Amino acid sequence: MTTPFYAALIGIMLIALSLKTINARRKLSVGIGDGNDLGLKRCIRAQANFTEYAPIFLIILGYAELSGLPSCVIHCF
């Protein structure tokens, strides 16, 4: 079961990105939007891009695992 392991790692990474975004929002006192701050925009986009691409990656990884791809190849993927 390789996919659940990577799903857990991705979850931890998402928590880290979310905390970084939350801290940037608190520092700048911005609740909604980006406050026209470049650093906050980057934090928001990093978190958003991660949430957009991580599920697709996990689905592909799961299919590769279910199709019988060797575990060492999945880890390299």
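This report walks through the core, the salt bridge and a surface patch of a predicted model.

## Ground rules

Local features need pLDDT of at least 70 and side-chain atom pairs count only at pLDDT 80 or more, while totals for chains, interfaces and linings use all residues. Residues are numbered from 1 along each chain as its sequence is written, and side-chain values use heavy atoms, with hydrogens and water left out.

## The core

Let's start inside. Tyr-6, Ile-10, Phe-50, Ala-54, Leu-58, Leu-61 and Ile-74 form the largest nonpolar core, seven residues in total. Such a core is a set of buried Ala, Val, Leu, Ile, Met, Phe, Trp, Tyr and Cys residues joined through side-chain atoms within 4.5 Å; buried means under 20% relative accessible area, exposed over 50%, and partly exposed in between (1.4 Å probe, protein chains only). Helix 1 (3-28) and helix 2 (38-66) each supply at least two of its residues, and helix 2 gives the largest share, four. Helices here are DSSP runs (H or I, at least four residues), numbered from the N terminus.

Leaving aside residues up to four places away in sequence, Phe-50 touches Ile-10, Met-13, Leu-14, Leu-17 and Pro-55, where contact means heavy atoms within 4.5 Å.

## The salt bridge

The count comes to one salt bridge, defined as a side-chain nitrogen of Lys or Arg within 4 Å of a carboxyl oxygen of Asp or Glu. Arg-45 and Glu-52 are the partners, at 3.6 Å from N to O. Arg-45 is partly exposed at 42% relative accessibility, and Glu-52 is partly exposed with a relative accessible area of 42%.

## The surface patch

Phe-5, Leu-9 and Ile-12 make a nonpolar surface patch of about 290 Å². Patch residues have over 30% relative accessible area and no salt bridge, with like charges joined within 9 Å and nonpolar side chains (Val, Leu, Ile, Met, Phe, Trp, Tyr) within 5 Å; areas come from the Shrake-Rupley method with a 1.4 Å probe. Phe-5 lies in helix 1 and is partly exposed, with a relative accessible area of 46%.
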